[in-house]
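Let's take a walk through this two-chain model together. Keep the viewer open as you read, and stop wherever you like.

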Amino acid sequence: MATVVLSFLATLLLFLGGLLDGLYLGSTGAIRAQRGDVIVFSNGARDSFLRSRITAEVRAAVQSAEGVDDVGGLGFVLLGAQVPTKTELADVTVAGYELPPKGVPQPPKDNQGTADSSLKDQGVGFGDTILVGPAESPITIIGFVDDTNFLQQGAVWVNLPTWRAVQNANRPDSAVADDVVQTLVVKGTGSGGRTLSEVVDTATADATSTLTIDDAVLALPGVKQQGQTFDQIIYSTFVVVLAVVGLFFSLLTIERIGLYGVLKAVGASTSRLFAGVVMQAVIVATIAFLAGSLLAIGAAMALPAKVPLQLIPSRFIFTFAGLLLAAVLGSAISLRRVTRVDPASAIGNAS
Amino acid sequence: MMPMFLALTEMRRAKVRFGLLAGAVGLLVFLILFQQALLSGLVNQFIGAIKNQSGQVLVFNEQARRNLDGSIILAPQQAAIAEVEGVEASAPLGQATFTVTAVVNDNDKEIDAVLFGYVIGQPGAPTSLIEGRLVEAADEAVASEKDRDAGFDIGDVVTVEPDGARITIVGVARDINYSVQPVLFVDFDTFEAAKRTRNPDAEAILPSVIAIKVATGSSAAEVAQRINEQVDGVEALTRQEAVDGSPGVSSVRTSFTVILGLFYLVVPLVTGLFFLIVTFQKASALTLLRAIGAPARSLVWSLLVQVVIVMTVGSLIAFGLYSVAIQGVSNLGVRVEVMPAVVTSLVVLALALLTSMVAVRRVLRLDPLLATTGAGVAL
């Protein structure tokens, strides 16, 4: 029965962690995949890709800065796309690039794109021509890449002219001139003891706000807040696991006082008895984790695809480690009682 | 009297056990309360502006998949919508996020704000005004009550960056946030100017959706259906459909429903299991009590009193934790509310009493005769 309760708690922990991972990975893949060292936003965009606007003059200033090795434009536009033979629209992010992100080849020809593999679930196949946005801009899919989604929408990686054409045709309010990009991806080392970010922002006279890739990921809307909120709930749930394990092992220990007394009388040491209690807690936690994992996997399969649940190996490892730790600490609550078992009185009580 | 005496005496003698159970229940109920508040706060903060505007029907671009950010309505579509039977008034409603500078404690502070641009006197105006007035001219705005202290109170001036319009707050409304960000309802010309400030290359500023007032004698659902049948490339939704269909809202609801369901399952399981084990452990004592004349009813009441006390203490601990934790998510506009906490506590109490029936059944099956044979402990 205690194992059943812990199994549900393990499912809860995996489910909460899976949601957090799904939200994080599905929102940030396109940024995490960047091979540059920093991302340059226009000042005033508050580090928002969709609001940032880098002109040719600013780009020239960045390129000429000391310690800058390579610069590439990057831009996103979020749209619906018609997929051949499908009635449902697919959510896509058309991403224009110059420096290829991880797994993405060199920029393709106009109106061609490399799609994130998550779009396969929405019916996108190799060689398909999807029609993007109200203007039905055509993009032919010439390959797939993993884990590059942006704000929960499947990325389609295209060259910058195609991105501009798609954006200008479908979002005239966000139209950009031929030499304008949303942001710059910059490779470099910095110079004169200053970081690359400082070098870039100085070179543009603070017309830019430059972030490392990690900071740019955290600057995406909601990413930081989601992480903090879910982490709080997950750690609180671990405390509940600890309390539940502590509770049940304290009850079990009380029930076995007589038995422990007999074992002590025949020479078993306190440490040996306690090791047995801890071992039991570990076994219960392991069984609960396995059952909870199966439940979580079942729930993930049963839930609609729109729920951003992603169960990844590291989440299983983290949850298992957390459960084990909580189980060991919880079982330690009964240590005091095991230590205080008096063989003579315990046997007397038990008989 | 006897049930209460038995229950309290046993609890006094086993403070750690009962304390741990009350603590575990407290944490679990706290997590339920916190997540319920989070869910309602998140949903309100995501779509408050759609829920509390006057358009009874909102017409999106079909390609936008009910997402305001991805929707634009072309001029021919707008004209066609106005001609549909049952449309009394239709007007553009624009939405976009901007960087604005607000003044907080005499200091300029850049923050994100969502501008909703509507045509004055037409559908799309905020409906939950609590102070001040609606917009009557360019460069005026109605802001959210929640953001008053962030430089969005009546009389405050916010500047659209870079170097754009200076907008004066003339009214505040309740629950009009969008995407968990401050909202300013402005007239459409102010919205258009803000978009051109942000992007001088903009070729045209198109409305995100068309807001519709439905003519007397027609329902919003009927009008939405007619628009979908008669106008190409659009998706008309009633206001409630637009709220429920907003990106993120339904997935957030589904996710939290599963999480809350699991928590509601765990609380009574933990409680039921605890009391079952305790009943097993004190079986001999209970059998003896039965043998010396204690009625089974008293023993059952004693057990149920303990369940109620543990759940009440747990709920109080939960409410304390919830009151503190809610301060950490005050940016979602969630407030400490007693009634939802009481309802949740009563639900988990009922569930705990239900699962304790297994222990009650065990008590009722005790045979007093076994006390005389010494077999009462053989459980």
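Where the two domains of chain B meet, 7 residues from domain 1 and 7 residues from domain 2 take part in the contact. Here, two residues are in contact if their C-beta atoms, placed from the backbone, lie within 7 Å.

On the domain 1 side of that contact in chain B, helix 2 and helix 7 each supply at least two residues, and helix 2 of chain B gives the largest share, 3 residues. By type, this side of domain 1 of chain B has 3 nonpolar, 4 polar and no charged residues. Nonpolar here covers Ala, Val, Leu, Ile, Met, Phe, Trp, Tyr, Cys and Pro, charged covers Asp, Glu, Lys and Arg, and the others, Gly among them, count as polar. Helices (H or I, at least four residues) and strands (E, at least two) are DSSP runs, numbered from the N terminus.

## How to read the model

This is a predicted model, in which local features need pLDDT of at least 70 and side-chain atom pairs count only at pLDDT 80 or more, while totals for chains, interfaces and linings use all residues. Residues are numbered from 1 along each chain as its sequence is written, and chains are lettered from A and ligands numbered from 1 in the order in which they are written.

Look next for Ala242(B), in helix 6 (residues 239-244) of chain B. Is Ala242(B) buried or exposed? Ala242(B) is buried, because 25 other C-beta atoms lie within 10 Å. The cut-offs, with C-beta atoms placed from the backbone, are 20 or more other C-beta atoms within 10 Å for buried, 12 or fewer for exposed, and partly exposed in between.

Beyond its neighbours within four places in sequence, Ala242(B) is in contact with Ile50(B), Leu58(B), Arg66(B) and Leu237(B). Phe275(B) is 33 residues from Ala242(B) along the chain, and their C-alpha atoms are separated by 48 Å.

Strand 6 of chain B (residues 157-160) has Val158(B) and Val160(B) on a covered face, with Val157(B) and Thr159(B) on an uncovered one. In a regular strand the side chains alternate between the two faces of the sheet.

Strand 6 of chain B runs antiparallel to strand 2 of chain B, and 2 bridges join them; Val160(B) stands opposite Val100(B). Strand 6 of chain B is also antiparallel to strand 7 (residues 166-173) of chain B, with 3 bridges, and Val158(B) has Ile167(B) as its bridge partner there. Strands pair if DSSP finds at least two bridges between them. The hairpin of strands 6 and 7 of chain B has 5 residues between the strands, and Asp163(B) takes a positive phi near 55° in it.

## Where the chains meet

The contact between the chains takes 52 residues from chain A and 51 residues from chain B. On the chain B side, helix 2 (15-51), strand 2 (87-104), strand 3 (107-118), helix 4 (188-198) and helix 7 (249-281) each supply at least two residues. Helix 7 of chain B gives the largest share, 17 residues. The chain B side divides into 27 nonpolar, 14 polar and 10 charged residues.

The largest nonpolar core has 89 residues, and Leu9(A), Val244(A), Ala24(B) and Leu28(B) have the most contacts inside it. A nonpolar core is a set of buried Ala, Val, Leu, Ile, Met, Phe, Trp, Tyr and Cys residues joined through C-beta atoms within 7 Å. Not counting residues up to four places away in sequence, Val244(A) touches Val5(A), Leu6(A), Leu9(A), Ala24(B) and Val270(B). A second, separate core of 67 residues includes Val84(B), Val87(B), Ala173(B) and Ile210(B).

## Chain A

Chain A has 11 helices and 9 strands, and its C-alpha trace spans about 90 × 55 × 30 Å along its principal axes. Buried residues make up 50% of its 351 residues.
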